[in-house]
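This report describes the packing, the pocket and the aromatic contacts of one protein model. Please look over the sequence and the structure before reading on.

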Amino acid sequence: MDDAQGYQEGYDHDSVLQKQEWIKTQDMLKSKLILEDEFAWSLPSVGSGSDEHERCKLKYIGGTDISFLKEDPATACAAVVVLNADTLEVVHEEFNVVRLQVPYIPGFLAFREAPVLLGLLEKVKINAPHFYPQLLMVDGNGLLHPRGFGLACHLGVLADVPTIGVGKNCSRSFRED
């Protein structure tokens with residue numbers, strides 16, 4: 001049965017309310033987004049040999065991804081891998097097999113995946129703080145998102161680390177994957 005606003009009782013009404021709450025959260029976090037590259041590090045360059053420049057060079061780049069079981073899309077393996085920016089050698093990795101409670105809803109991927117990825121970044125801080133990434137590449141869109149705040153932005157703001165979203169689609173549709 002529909003209520004006066006046209007929502008169906010049960011899941012649909014709850015779903016609409018959840019999405020409205022998530023949009024508010026995205027907007028609040030988006031207000032904290034930093035779009036300018038005023039980092040304490042610089043990209044490695046060929047021929048730079050000064051020790052002072054060496055200390056400020058980008059040293060560690062992280063990458064995140066979550067892979068799901070085809071048989072059970074709520075079961076996933078999440079990973080963070082950290083590379084040495086000079087050698088591209090893996091210097092640290094963390095992973096976790098998890099059971100996700102939030103379903104995939106287009107436009108809201110961050111609410112499904114960010115808590116798991118933030119947990120892995122916290123594990124890096126605890127287990128190998130000297131390898132904590134200065135830059136994070138995220139399997140998911142960043143600014144290229146229907147509301148301009150995809151998983152990469154969400155993760156970057158909450159983890160306080162610069163991120164680059166590596167989305168599979170190049171459109172601002174409601175698909176983030």
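The model is predicted. Its largest nonpolar core has 26 residues, and within this core Leu117, Leu121, Leu151 and Leu155 touch the most other members. Strand S1 (60-68), strand S2 (75-84), helix H3 (109-127), strand S4 (135-138) and helix H4 (151-159) each give two or more residues to the core. The biggest contribution, eight residues, is that of H3.

As a general background, nonpolar side chains in soluble globular proteins tend to be buried together.

## Largest pocket

The volume of the largest pocket is about 470 Å³. Its lining is made up of 19 residues, of which Leu33, Ile34, Val161, Pro162 and Thr163 are the closest to the pocket centre.

At least two lining residues come from each of H4 and strand S5 (163-165). With four residues, H4 supplies the largest share of the lining. By residue class, the lining of this pocket comprises 12 nonpolar, four polar and three charged residues.

## Cysteines

The number of disulfides in the model is zero. Cysteine 77 has a relative accessibility of 33% and therefore counts as partly exposed. Cysteine 153, by contrast, is buried, because its relative accessible area is 6%, under the 20% limit.

## Aromatic pairs

Five aromatic pairs are present in the structure. One of them joins phenylalanine 39 and tryptophan 41, with 4.6 Å from centre to centre and 10° between the planes, and this pair is stacked. Are its two partners buried or partly exposed? Phenylalanine 39, at 35% relative accessibility, counts as partly exposed, whereas tryptophan 41, at 15%, counts as buried.

Another pair is formed by phenylalanine 108 and phenylalanine 111.

Terms used: Residues numbered from 1 in each chain as written. Predicted model: local features only at pLDDT ≥ 70, side-chain atom pairs only at ≥ 80, totals over all residues. Heavy atoms only, no water. Core = buried A, V, L, I, M, F, W, Y, C linked by side-chain atoms within 4.5 Å. Buried < 20%, exposed > 50% of the residue type's maximum accessible area, 1.4 Å probe, protein only. 1 Å grid on protein atoms, 1.4 Å probe; cavity = no way out; pocket = protein on both sides within 12 Å on 5 of 7 lines; lining within 4 Å. Points joined across faces, edges and corners; volume = space filled by probe spheres on them. Nonpolar A, V, L, I, M, F, W, Y, C, P; charged D, E, K, R; others polar. Disulfide = S-S within 2.5 Å. Phe/Tyr/Trp six-rings, centres within 6.5 Å; stacked < 30°, edge-to-face > 60°.
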